[in-house]
Amino acid sequence: MTVRNDKTAGNTGTGEPDPSDGPGGAGPDAGADGGRGAGSRAPAFVRRSRALHQAWRVGVFTAGLAVVVLGVVMLPLPGPGWVVIFLGMGIWATEFGWARSVLRWTRRKVTEAAHRAMDPRVRRRNLTVTAVGLAVLAGAGGWYLARYGLALPWSGGG
């Protein structure tokens with residue numbers, strides 16, 4: 001087994017085995033994750049023990065679930081609900097391939113939406129719809145003030 005200690009090869013100096021080195025390493029086609037089982041981001045000592053790795057995955061799932069549930073609770077309440085939901089998905093993505101694929105799909109869709117929103121015709125339409133909506137709200141507010149003044153309808157003061 002070859003141990004990489006040179007800084008030019010991208011080693012951090014930890015003395016880890018070369019992944020392309022056969023049985024001790026993950027082989028030359030280990031992929032971008034360095035040969036970690038199922039893309040796990042767990043530390044090496046956790047991955048060595050099956051029971052400890054399963055406990056790690058349960059812990060990651062539980063932590064991600066707690067964050068996602070918190071994000072769902074924040075959706076109707078004040079707070080960055082969608083950001084927290086995607087943070088929980090990011091926690092899950094450290095261990096679970098399905099969460100990584102959902103995040104990749106979401107990132108792709110957000111990028112497509114951003115490109116569409118920057119299209120001049122779409123921007124013009126969005127600005128027009130916003131201006132008309134604000135004009136309708138201002139007109140409704142002006143009508144209410146002209147009709148009732150500053151008295152609130154539920155205060156009963158008539």
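Tutor: A residue is called buried under 20% relative accessible area, exposed over 50% and partly exposed in between (1.4 Å probe, protein chains only). Val84 has 11% relative accessibility, so Val84 counts as buried. This is a predicted model, in which local features need pLDDT of at least 70, side-chain atom pairs count only at pLDDT 80 or more, and totals for chains, interfaces and linings use all residues. Residues are numbered from 1 along each chain as its sequence is written, and side-chain values use heavy atoms, with hydrogens and water left out.

Val84 sits in helix H3, which covers 81-93. Helices here are DSSP runs of H or I with at least four residues, strands are runs of E with at least two, and both are numbered from the N terminus. Contact means heavy atoms within 4.5 Å. Once neighbours within four places in sequence are set aside, the contacts of Val84 are Val67, Leu70, Gly71 and Met74. Between Val84 and Met74 there are 8.3 Å from C-alpha to C-alpha, at 10 residues apart in sequence.

Helix H2 (50-74) also takes part in a surface feature, as does helix H4 (97-117): each supplies at least two residues of a nonpolar patch. The patch is made by Phe61, Leu65, Val69, Val73, Leu77, Trp98 and Val102, and has an area of about 590 Å². Its residues each have over 30% relative accessible area and no salt bridge, and nonpolar side chains (Val, Leu, Ile, Met, Phe, Trp, Tyr) are joined within 5 Å. A salt bridge is a side-chain nitrogen of Lys or Arg within 4 Å of a carboxyl oxygen of Asp or Glu. H2 gives the largest share of the patch, 4 residues. Phe61 lies in H2, and counts as partly exposed because its relative accessibility is 35%.

The loop between H3 and H4 holds Glu95. Glu95 counts as buried because its relative accessibility is 1%. Its side chain reaches the backbone nitrogen of Ala42 at 3.4 Å.

Of its 158 residues, 18% count as buried. Among contacts with a separation of 6 or more, 28% join residues 24 or more positions apart. The accessible surface, from the Shrake-Rupley method, comes to about 11,500 Å², and 66% of that surface belongs to carbon and sulfur atoms.

How values were computed:
Patch = residues over 30% accessible without salt bridge, like charges linked within 9 Å, V, L, I, M, F, W, Y side chains within 5 Å. Areas by Shrake-Rupley, 256 points an atom, 1.4 Å probe, with all protein chains shown as cover. Polar contact = N/O pair within 3.5 Å; in protein donor to acceptor, adjacent residues only side chain to side chain.
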